[in-house]
Amino acid sequence: MSDATRENDVEDVVIIGSGPAGWTAAIYAARANLHPLCIVGVPKQNPAPVLPGGQLMLTTEVENYPGFPDGVTGPEMMMMFQKQAERFGTRVKGADVERCDFGERPMALHLSNGETVRTRSVIIATGATANWIGLDNELRLATNGGGVSACAVCDGALPVFRDKPLAVVGGGDTAMEEAAYLTKFASTVHIIHRRDSLRASKTMQDRVLSADNVQMHWNSTVVDVIGEDFITGLVLEDTVTGDRSELPVNGLFVAIGHAPATEFLKESGIAFDDSGYVSLPDGGSSATNLEGVFAAGDVADHVYRQAITAAGMGCRAAIDAERWLAGH
Ligand SMILES: Cc1cc2nc3c(=O)[nH]c(=O)nc-3n(C[C@H](O)[C@H](O)[C@H](O)COP(=O)(O)OP(=O)(O)OC[C@H]3O[C@@H](n4cnc5c(N)ncnc54)[C@H](O)[C@@H]3O)c2cc1C
């Protein structure tokens with residue numbers, strides 16, 4: 001089946017995205033003899049870099065992925081994922097998918113390099129990018145292990161943050177979850193919020209605000225991040241008076257939301273949930289609302305957002321695609 005269809009330039013399965021979800025789907029699909037094509041994306045700035053390899057390309061130490069007792073850097077781990085996928089025959093194309101015609105059979109994927117790829121099934125694994133404040137020094141320190149992160153659950157337990165004053169920016173449930181997590185490690189958790197009340201649920205607010213080591217900074221925005229190689233403080237601006245002040249901190253966790261990478265799916269007929277993530281109507285599988293189209297990783301998960309959960313979803317999507325192809 002596979003060889004014949006590929007002779008006619010129709011793929012069995014195309015995986016869009018090259019983070020933990022995409023590469024894991026590729027490993028499973030390749031081992032199932034589906035000869036997957038992985039479309040890995042192209043580097044861009046948004047405002048932090050978005051790179052083939054995904055969100056982990058922006059982090060130094062990954063210490064919570066099983067199998068790496070001494071930790072591993074994000075880029076090193078993603079290189080190993082890719083190598084493992086290629087070892088079993090995954091083919092790689094360095095382009096973005098710009099538009100999908102899922103109504104046509106075989107389906108058509110239109111790429112940024114002008115090519116159109118035809119395929120019988122698709123796994124969407126394009127992830128979700130963390131929103132950043134957009135300050136030059138914030139992005140510089142976020143991309144070189146300088147103590148600025150968009151994931152407290154991922155980085156908060158690192159030794160560099162132990163017993164140090166840390167800051168969380170944001171006022172929603174995610175920000176409160178990040179702050180609550182950090183209270184276990186920090187000397188003080190400074191929560192910086194641009195308004196005079198939180199958007200987070202009452203329960204989350206109570207949990208965080210009752211902690212001894214939390215200090216709120218209402219009506220405040222971060223206008224600069226201080227530190228040469230590692231963060232030493234923030235410049236805050238009062239949104240009411242315009243006054244500026246310095247706050248010494250040794251870690252900044254930006255928790256102002258994530259944006260799923262779904263722009264290329266507009267007009268495709270794919271259904272989204274209320275938060276704009278790809279909807280998986282049968283919660284038990286990776287199937288989307290469209291036949292032969294599956295989704296995995298952060299693009300379809302606004303709850304867990306971890307490399308291990310993304311990889312697990314990638315595995316499920318490849319098995320679902322294989323079974324779907326066998327039945328059609
Ligand atoms: C700063 C930071 C640190 C983190 N640290 C950890 C950690 O220590 N441990 C942990 O478990 N998790 C960590 N995470 C979370 C983890 O990175 C994500 O949960 C995981 O990367 C999600 O994997 P994914 O495959 O779903 O998506 P991503 O890793 O986001 O990959 C998506 C891929 O899709 C590509 N893409 C996007 N759009 C297109 C398109 N139109 N066409 C083609 N390709 C496209 C992108 O280039 C990218 O390669 C961290 C996240 C951040 C931001």
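Mentor: A residue is taken as near a molecule or strand if its C-beta atom, placed from the backbone, lies within 6 Å of it. The model is predicted, with pLDDT of at least 70 required for local features and 80 or more for side-chain atom pairs, while totals for chains, interfaces and linings use all residues. Residue numbers start from 1 in each chain and follow the sequence as written.

There are 42 residues around the ligand, and the nearest are Gly 19, Gly 41, Gly 54, Gly 127 and Gly 297. Helix H2 (20-31), helix H5 (152-155) and helix H8 (307-327) are the elements that each give two or more residues to this shell. Helices (H or I, at least four residues) and strands (E, at least two) are DSSP runs, numbered from the N terminus. By class, 23 residues of the shell are nonpolar, 15 are polar and four are charged. Here Ala, Val, Leu, Ile, Met, Phe, Trp, Tyr, Cys and Pro count as nonpolar, Asp, Glu, Lys and Arg as charged, and the others, including Gly, as polar. The ligand lies between domain 1 (2-129 + 258-327) and domain 2 (132-254), because both give residues to the shell. The domain bounds come from an automatic or database domain assignment.

H2 leads on to helix H3 (residues 74-87): the two axes come within 8 Å and cross at roughly 20°. Axes are lines fitted to C-alpha atoms, for helices over the stretch in contact, and angles run from 0 to 180 degrees between N-to-C directions. H2 and H3 are therefore roughly parallel; that term covers angles under 35 degrees, with over 145 roughly antiparallel, 65 to 115 roughly perpendicular and the rest oblique. Their crossing is left-handed, meaning that the near helix is turned anticlockwise from the far one by less than a right angle, whereas clockwise would be right-handed.

Most residues other than glycine have a negative phi, and most peptide bonds are trans. The bond from Asn 46 to Pro 47 is cis, with omega near -15°; Pro 47 is in the loop between strand S3 (44-45) and strand S4 (49-50). The bond from Arg 105 to Pro 106 is also cis, with omega near -5°, and Pro 106 is in the loop between strand S8 (97-101) and strand S9 (107-111).

Next come two of the sheets. An open, parallel sheet has five strands in the order S12-S19-S13-S14-S15; two strands pair if DSSP finds at least two bridges between them. Strand S12 (148-149) and strand S15 (214-217) are at its edges with one partner strand each, so one side of each has no neighbour in the sheet. S12 and strand S19 (residues 252-254) run parallel, joined by two bridges, and Ser 149 stands opposite Phe 253 in S19.

The other open sheet is antiparallel, with three strands in the order S16-S17-S18. Its twist averages 30° from one strand to the next. Six bridges pair S16 with strand S17 (residues 233-238), and Val 225 has Leu 234 in S17 as its bridge partner.

Finally, the axes of helix H6 (residues 173-182) and helix H7 (residues 202-209) come within 9 Å and cross at roughly 30°. That makes H6 and H7 roughly parallel, and their crossing is left-handed.
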